[in-house]
Amino acid sequence: MRKPPASNLQLRAILISTIKSNIGATLLLLLAVLVGAVINIWPSMVLRATIDGPLLAGTGNLWGYALLYLGAVVLIGVVDLLREYGATLLGQRLLLAVRSRMLSRLRALPMSYYLNVPAGETISRLTADVDAVNRLFSAGLVSAGADLLKIVGFLVALFVLSPPLGFVALASLPAVFLVTNYFRRNIYEKQLVVRRKVSDINTYIQETYAGMKLIKTYGKEDYFSERFEPTLESHRLAMNANSVYDAWFPCITQTVRAVVIATAIYLAAGQNFGPVALGLTLGTIAGAADLFIRLFEPIEAISSEIQTIQQALAGLNRISQFFDHETESGERFATASVWDGQNSEVRVEGVRFAYKDGEDVLLDASLEVPTGSKVAIAGRTGSGKTTLMNLIAGLYPVKNGTITVGGVDPYNLSPSDRRRLIGIVPQTVHIFNGSIYENITLRDASISVSQAEEAMRTVGLWDTVTELPSGMKTPLGEGGTKLSFGQSQLLSLARAVGTNPPLLLLDELTSGLDALTERTVLKAIRQVSAGRTIITISHRLSGIIDAETVHIMERGKIMESGSPEELARREGWYAIYKRLEDRGWQIS
Ligand SMILES: Nc1ncnc2c1ncn2[C@@H]1O[C@H](COP(=O)(O)OP(=O)(O)O)[C@@H](O)[C@H]1O
Ligand SMILES: [Mg+2]
C-alpha cells in the first residue's frame with residue numbers, strides 16, 4: 001500500500017513543528033528578509049545625496065554623509081548576518097528533526113527492506129538528501145525570497161529616480177538571468193560528472209583495499225594500477241570541461257553588467273545630445289549606477305538558488321519515498337505475542353516462502369520439534385536450511401503456512417521475549433565494533449558481567465579472553481583485536497547462550513572449523529544442550545551433533561525424517577549422503 005500524501009504530510013508536519021518550536025528565530029528571519037529589501041537601496045541614495053549635496057556645492061557636512069554611508073553598509077551587513085543566523089538555525093533544527101524521524105523509521109523497517117535496498121542508497125537518503133532539505137530551506141527558499149525582495153526594492157528605487165532607467169533595469173533582468181543560468185546549469189552538469197568520477201576513484205581504491213591480499217598473492221599490482229589509469233584520465237577530462245565554463249563565467253557576466261551600466265549612464269547623461277538624454281543630476285546618475293551594480297548580485301544569485309531548490313526538491317522527493325516504505329513495527333508489535341516462559345517447542349506447518357515473488361525457496365516445509373529435543377536439518381547448500389531457520393527466528397513474516405515457537409508466532413514476538421526464548425548462531429558471524437563484553441550482551445543491560453563470563457566459560461572461550469590485555473573490555477571490530485574465525489564462532493555461540501534461552505538455533509556451526517576447535521565447540525554444545533531444544537543445521541551429516549531426529553532437506557522440502565539409525569537403515573537420501581560422505585564425496 002503506497003500512500004504518497006502521507007509521507008508528504010509527515011515532512012510538512014516536521015517543518016511546522018520545527019517552526020513552531022523556534023518561533024523566535026522564524027520571526028527574526030522574516031524581519032531580516034523584509035528589512036534587507038528596503039535598506040539595500042540606502043547606500044545608493046546616500047551616495048546620490050552626497051554628490052548632489054556637499055560634493056557639488058563644495059560646502060556642507062561631508063563627514064555626516066560619509067558616516068551615513070558607512071552606517072548603511074554596516075546595517076546591511078548586520079541584517080544579512082541575522083538572516084543567515086536565523087536560516088541556519090532553523091535549517092539545522094529541521095535537518096535534525098528529519099534525520100531523527102528517518103532513523104526511528106529505519107529501525108522499524110522489515111528485513112526485506114535491508115535485503116532489497118542497497119546500503120549506499122540508505123546512506124545517501126540520510127546524508128546528502130537530508131542536507132538537501134536543509135539547503136532547500138536556508139540556501140534555497142529563504143535566500144531566493146530575500147533576493148527576490150531585494151530586486152523589487154532596487155527596481156522600485158530606480159523607477160523613483162528615473163522611470164526610463166527603471167525600464168532599462170527591468171529589460172536587463174531576463175538577459176542577465178539567462179546568461180547566468182546558462183553557465184550555472186552547465187557548470188552544475190559538469191560538476192556532476194566530476195563527482196561521479198571522484199566516486200569511481202573512491203570505489204576503485206576501496207576495491208583495491210578489499211582485494212589487496214588477493215592482488216599481492218597473484219602479483220597483480222601492475223594490472224590494477226593500469227586499470228586505474230583510464231579512471232584518472234576521465235576525471236581529468238571532466239575537470240577540464242568544468243573549468244572551461246568556470247573560467248568563462250565571470251568574464252561574460254561582467255561584460256553583460258558593463259554593457260547594461262554603460263547604456264544606463266549614456267542615457268542618463270545630459271551631454272549625449274540625443275533626444276533620449278534624461279539630463280539627470282550627477283548624484284542621481286552615480287546613485288543609479290550603484291543601484292544597477294547591486295541589482296545584478298541578487299539576479300545572479302537567484303539562478304543558483306533555483307538550482308539548489310531543484311536539487312533539494314529531488315532529495316525531498318527521495319526522502320518522501322523513504323517514508324513510503326512500509327514499517328513493520330505497527331502491525332508487528334501492536335499484537336505482540338506473549339511467551340509463557342517455558343515452552344520452547346517449534347512447529348512448522350506447510351510453509352511456503354519466497355524472498356522475491358515467484359521464486360519460492362521453501363515449497364512445503366513441515367517440521368515438529370518438541371520441547372527439549374535435539375533435531376538436525378541436513379541438506380545440500382542452497383536447499384533452504386538457513387531460510388527456514390530465519391523464519392523460525394522470526395526474521396520474516398510467514399504468509400503461507402504457520403510457524404510457532406514456544407506456542408507463539410516468532411515474527412510477532414516482542415524483542416525481549418525473543419531474546420529470552422531464542423538463541424541463534426547464524427551461518428555468518430558478525431562482530432560489532434565494541435568490546436568483547438558488548439559483543440556478547442549486545443548492550444542488553446540485563447546480562448550481567450558474570451553471566452557473560454559464564455557464557456564464555458561454557459563455550460570454552462574464557463581462557464582466550466583472559467589472555468587478552470584488556471580481557472572482556474578488549475575492543476573488537478574496526479581497529480580492534482581480530483579474532484580468528486573459530487574464535488568468532490565461539491563468541492557468536494556465547495552471544496546466543498548469554499541469555500540462557502531454552503531454544504538454540506545453530507546454523508553450520510562447525511563447518512568452518514578445524515578438528516580440534518570443532519571438538520571444543522561440540523563439547524561446548526553438549527555443555528549447553530542439557531534441557532534445551534536445539535536445532536542444528538549442517539550441509540554435512542558429520543556436522544550433525546547428537547541429534548535424536550534428522551530431517552533431510554532438499555529444494556525447499558523436508559524429504560525424509562527419522563532418527564539417524566532409522567535413516568541409515570532406510571535406502572533414502574540420508575543413506576546416499578552418508579555413503580558419499582564416507583567416501584569423501586567421490587562419485588564413481
Ligand atoms: N536474501 C536472499 N534473497 C534472495 N534469495 C535468497 C536470499 N537468501 C537465500 N536466497 C536463496 O534461497 C535459496 C536457499 O538459500 P539458503 O536458505 O541460504 O540455503 P542453505 O542454507 O540451505 O544453503 C538459495 O537458492 C538462495 O539463492
Ligand atoms: Mg545456509
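**Questions on a predicted model**

Visitor: How far apart in space are Ala241 and Val193, C-alpha to C-alpha?

Guide: Ala241 has its place in helix H8, which covers residues 221–268. Along the sequence, 48 residues separate Ala241 from Val193. In space, their C-alpha atoms are apart by 9.5 Å.

Visitor: Which residues does Ala289 touch, leaving aside those up to four places away in sequence?

Guide: Ala289 is found in helix H9, residues 282–324. With 19 other C-beta atoms within 10 Å, Ala289 is partly exposed. Its C-alpha atom lies 9.6 Å from that of Leu158, a residue 131 places away in sequence. Once residues up to four places away are set aside, Ala289 touches Ile261, Ala264 and Ile265.

Visitor: Are helix H3 and helix H4 roughly parallel or roughly antiparallel?

Guide: Helix H3 comprises residues 42–57 and helix H4 residues 62–106, and their axes are 9 Å apart. The two helices pack at an angle of about 170°. Angles over 145 degrees count as roughly antiparallel, so the relation of H3 to H4 is roughly antiparallel.

Visitor: How many nonpolar residues are there in the contact of H3 with H4?

Guide: From H3 the contact includes Trp42, Pro43 and Val46, among others. From H4 the partners include Leu62, Tyr65 and Leu68. By class, the contact holds no charged residues and 2 polar ones, while the number of nonpolar residues is 12.

Visitor: What is the distance between the centres of domain 1 and domain 2?

Guide: The chain is divided into domain 1 (1–161 + 312–324), domain 2 (163–279) and domain 3 (342–582). Taken over C-alpha atoms, the centres of domain 1 and domain 2 are separated by 24 Å.

Visitor: Which class of residue, nonpolar, polar or charged, is found on the side of domain 1 that touches domain 2?

Guide: In the contact, 4 residues of domain 1 meet 5 residues of domain 2. On the domain 1 side there are no polar and no charged residues. The 4 residues there belong to the class nonpolar.

Visitor: Which helix gives the largest share of the shell around ligand 1?

Guide: The residues around ligand 1 include Leu115, Tyr355, Lys385, Thr386 and Thr387. By class, the shell has 3 nonpolar, 7 polar and 1 charged residues. Its largest share, 3 residues, comes from the helix spanning residues 385–392, namely H11.

Visitor: What is the phi of Leu442?

Guide: Leu442 lies in the loop between helix H13 (436–441) and helix H14 (449–459). Leu442 is partly exposed, with 13 other C-beta atoms within 10 Å. Its phi is positive although the residue is other than glycine, and the value is near 50°.

Key. Residues are numbered from 1 along each chain as its sequence is written. Chains are lettered from A and ligands numbered from 1 in the order in which they are written. This is a predicted model: local features need pLDDT of at least 70, side-chain atom pairs count only at pLDDT 80 or more; totals for chains, interfaces and linings use all residues. Axes are lines fitted to C-alpha atoms, for helices over the stretch in contact, and angles run from 0 to 180 degrees between N-to-C directions. Helices (H or I, at least four residues) and strands (E, at least two) are DSSP runs, numbered from the N terminus. Angles under 35 degrees count as roughly parallel, over 145 as roughly antiparallel, 65 to 115 as roughly perpendicular and the rest as oblique. Two residues are in contact if their C-beta atoms, placed from the backbone, lie within 7 Å. Ala, Val, Leu, Ile, Met, Phe, Trp, Tyr, Cys and Pro count as nonpolar, Asp, Glu, Lys and Arg as charged, and the others, Gly among them, as polar. A residue is near a molecule or strand if its C-beta atom, placed from the backbone, lies within 6 Å of it. A residue is buried if 20 or more other C-beta atoms lie within 10 Å of its own, exposed if 12 or fewer, and partly exposed in between; C-beta atoms are placed from the backbone. Domain bounds come from an automatic or database domain assignment.
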